[in-house]
Amino acid sequence: MRSVAIVVYSQLMNGFRNRWILGLTILFALFAVGIAYAGGATSGHIGYTSLATTITSQASLVAFLIPLIALLLGYDAVVGEREQGTLLLLLSYPLSRGQMLIGKFLGHLLILFIAILVGFGLAAGLSSWQAGGSDLGRIFVAYGIFILSASLFGAAFLGLAYIVSVRAVERTRAAGMALLIWFFFVVVFDLALLAVLVGTGGNPAERVIIPYVLLLNPVDVFRLVNLLRFGHGAGAMTLSGAVMHGALGWLSLLGILFLWGIIPVSLAIWRFRRSEI
Amino acid sequence: MSNRNSREPPLIRVRGLSRIYPEQRGVHSLHFTLHRGEVLVLLGPNGAGKTTTLSMLCTMLAPHGGSIQIAGFDLARSPRQAKRALGYLPDPPPLYPEMTIKQYLGFCARLHGISRRETPAAVATACRLTGLTAVENRLIEHLSRGYRQRAGIAQALVHQPEVVILDEPTAGLDPLEAHRIRALIGELRRDHGILLSTHLLAEAAAIATRVLILDHGHIVHETRLDHPGAAPLRLRLNLGAPPDESRLGTIPGVAAVETLDAGNFLLLAEPGHDPREAIVRAALDYHWKILALAPHHPSLENLFLRVIAGRETA
C-alpha cells in the first residue's frame with residue numbers, strides 16, 4: 001500500500017510539473033463556466049438558465065472531451081516507461097507489477113479528478129451565484145453527482161488506455177490505438193446502433209436488447225446517468241435516452257459506470273502481470 | 001580481501017540457473033557466487049547470455065530452472081526482501097528527465113522502503129558518493145551523459161544495498177568519465193559485492209577481481225584477477241647466447257619451455273615454485289648472456305580470445 005502511495009504521489013507531482021493538471025483545469029473551467037453562463041445564448045438568453053439544462057449540456061461536452069484526455073494521459077503509462085528504460089528500473093525495486101500499475105493509474109485518475117473538481121466546481125459556484133444563492137444544496141448535490149460520474153467515466157477510458165499501453169510495443173502505436181478507441185466509442189458506436197435500428201425498423205426484440213447494448217459503451221452510460229438524473233424528459237429526446245427509458249435507473253447506471261471504471265484497469269493489470277518485458 | 005570475505009555467506013548464490021530460448025539460446029545451468037568485496041565481471045560475445053543472466057537476477061525474467069539467492073533471500077520465494085538488498089543499473093541508465101537529481105533519488109529511495117525522514121540523508125550520501133552534490137538540484141535532462149550515468153549509479157546505491165549489479169556502466173562515456181566511474185566502482189567494492197557486465201576487456205581487466213566468461217549460455221571459463229600468484233608462474237626469458245630449449249627445461253622448478261623466437265623463451269614453472277633465482281644462476285654459470293627475465297601475465301584479451309576461439313574451432 002505504501003509503495004502504491006509513493007507511485008501515486010510521484011505521478012501527481014509529475015502532473016503538476018508538466019502542467020497537465022493546470023492545463024486540464026483551465027480547459028474544464030473555461031468550458032464549464034462558458035456553458036453555465038452562456039448555455040442559453042442560442043435562445044437569446046445570456047446568464048443562468050436551469051440547472052438541468054446546464055448539466056446536460058456540460059455532460060454532452062464532457063462525453064467528447066474526457067475520453068480523449070484520459071486516453072492521452074494513459075496511453076504511454078507502461079510503453080513510455082518501457083521506451084525510456086525506467087520500467088526495468090521499477091521492476092527491479094521491491095514493488096510488484098500490480099502495485100506499480102495501480103499506483104500509476106490512481107495517480108493519473110487523481111490528476112483527472114482534480115481538474116474535473118476544480119473546473120466544474122467553479123461552474124457550480126457560478127451557477128449558485130447566478131441563482132442568487134437559492135437552491136445551493138440542490139446545485140452542489142447535482143454537481144457532486146456530475147463530478148463523480150465524470151470521474152468514473154474518465155477512469156473507464158484511463159483503464160482502456162492502460163490496456164493499450166501494456167500491449168503496445170511502441171509509444172506511437174499506442175497513441176494511434178488510443179485515438180481509434182476514442183473514435184470507436186465516441187463516434188462509431190452510436191452511429192452503428194442507429195443504423196441498425198433505422199435499417200430494421202426497430203422490431204420488438206431489438207427494443208428489449210438495445211438498452212443493454214448501450215451499456216457496452218461507457219460514453220452512453222455516462223450520458224444516460226446525467227440525462228436520466230437531470231434531464232426531466234430531455235433524455236427522451238436522444239437516441240440513448242429513448243431506448244433506455246424505463247429499463248434502468250440512473251443509480252444502476254452509475255453502478256455500471258463504476259464497473260467500467262474498474263474492469264478495464266483490472267484487465268490491464270492481469271495482462272501486465274503475464275507479459276514479458 | 002576476497003579470502004577474508006569468502007568466509008561470509010555469499011551475497012549472490014546462483015544454482016543451476018537456466019532460461020531456454022528456441023535454437024538452444026539462453027543460459028544453461030549456471031552456477032556462481034558473489035561475495036562482499038568482489039567485483040565479478042561477466043564477459044562474453046553478443047548473445048552469450050550476459051543480459052539474460054542479469055535480467056533474471058533483477059526479476060525481469062523468470063528462470064526456467066535453478067535458483068537465485070540474494071543476501072540469503074530466495075528471489076522466487078521472498079522477492080521483496082531480495083530486491084531490497086539489490087541495486088541495479090540497467091543500460092542505458094533509467095532516468096526521469098523531468099525530475100531533478102534530488103527528486104529522482106528521493107523517489108527511488110522511497111520506493112526502496114526508506115522512510116520520508118531518512119530519505120534526505122540517503123539522497124545526500126548517494127550524491128556525495130557519486131560526485132553529484134553540486135548538480136543535485138538540476139534537471140536530469142540538462143545533465144551531461146557522464147552525470148546521467150552517475151545518477152543511474154546513485155539510484156542503485158541510494159538504499160545502501162549489499163549487492164550492486166551494473167550493466168555496461170561505462171558505455172558511451174568519454175575516457176575521463178569512464179575512468180572516474182571505474183574508480184568509483186573500485187571504492188564501492190569495499191562495502192558491496194559488485195556484479196558487472198561489460199564487453200570492454202580492458203575495463204574488466206582494470207576492475208574485476210574475478211571474471212566469468214560466458215559463451216552460448218554456458219560458463220566456459222572462470223579466472224581470478226586478484227590472485228595471479230595462485231596459478232603456476234609463467235616467465236618470459238630473453239638470452240643473448242641461448243642454449244637448446246631442452247637445456248632450459250632441466251633448470252630446477254621449470255616445468256615446460258616454449259621457444260617464441262631466437263633468444264626468447266616462455267617458461268612455465270612447476271606449481272608452487274619460483275625458479276627465477278635458479279635461472280639467473282644457470283645463465284651466469286653457462287654464460288647465456290641474460291638480457292631479460294620477467295613474469296608473463298597473459299592479457300585478459302588473450303585469455304578471452306583463446307577460450308572463445310578454442311570453442312569455436314572445437
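Is B:E38 buried or exposed? At 2% relative accessibility, B:E38 counts as buried, where buried means under 20% relative accessible area, exposed over 50% and partly exposed in between (1.4 Å probe, protein chains only). The structure is a predicted model, in which local features need pLDDT of at least 70 and side-chain atom pairs count only at pLDDT 80 or more, while totals for chains, interfaces and linings use all residues. Residues are numbered from 1 along each chain as its sequence is written, chains are lettered from A in the order in which they are written, and side-chain values use heavy atoms, with hydrogens and water left out.

B:E38 forms a salt bridge with B:R210, with 2.8 Å between the closest N and O atoms; a salt bridge is taken here as a side-chain nitrogen of Lys or Arg within 4 Å of a carboxyl oxygen of Asp or Glu. B:E38 sits in the loop between β2 and β3 of chain B and B:R210 in strand β9 (residues 210–215), so the pair ties together parts that are 172 residues apart in sequence. Helices (H or I, at least four residues) and strands (E, at least two) are DSSP runs, numbered from the N terminus. B:R210 is buried too, at 5% relative accessibility.

B:E162 is partly exposed, with a relative accessibility of 29%.

In chain A, A:R171 and A:D76 pair through their side chains in a salt bridge of 3.2 Å, N to O. A:R171 lies in helix α8 (residues 171–200) of chain A and A:D76 in the loop between α3 (51–74) and α4 (79–84), so parts 95 residues apart in sequence are tied together. Both residues are partly exposed, A:R171 at 29% relative accessibility and A:D76 at 22%. Over all chains, the structure holds 14 salt bridges.

The secondary structure of chain A consists of 12 helices and 0 strands. Of the 277 residues in chain A, 53% are buried. Among contacts in chain A between residues at least 6 apart in sequence, 82% join residues at least 24 apart, contact meaning heavy atoms within 4.5 Å.

Turning to the interface, 27 residues of chain B are in contact with 23 residues of chain A. The area buried between the two chains is about 2,300 Å², and carbon and sulfur atoms give 57% of it; buried area is the accessible area (1.4 Å probe) that two parts lose on being put together, summed over both. In chain B, the residues that lose the most area to chain A are B:M60, B:Y96 and B:L111, together 28% of what that side buries. Helices α3 (79–84) and α4 (101–111) of chain B each supply at least two residues of the side that touches chain A, and α4(B) gives the most, with 6 residues. The residues of this side divide into 15 nonpolar, 6 polar and 6 charged.

What of the cysteines? The count comes to 0 disulfides over all chains, a disulfide being a pair of cysteine sulfur atoms within 2.5 Å. The sulfur of B:C108 is 11 Å from the closest cysteine sulfur, in B:C127, which is too far for a bond. B:C108 is buried, with a relative accessible area of 0%, and B:C127 is likewise buried, at 0%.

Finally, B:P232 is placed in the loop between β10 (218–224) and β11 (234–239) of chain B. B:P232 is partly exposed at 38% relative accessibility. Leaving aside neighbours within four places in sequence, B:P232 is in contact with B:L268, B:A269 and B:P271. B:P232 and B:I213 are 19 residues apart in sequence and 21 Å apart in space, C-alpha to C-alpha.

Technical notes. Nonpolar A, V, L, I, M, F, W, Y, C, P; charged D, E, K, R; others polar.
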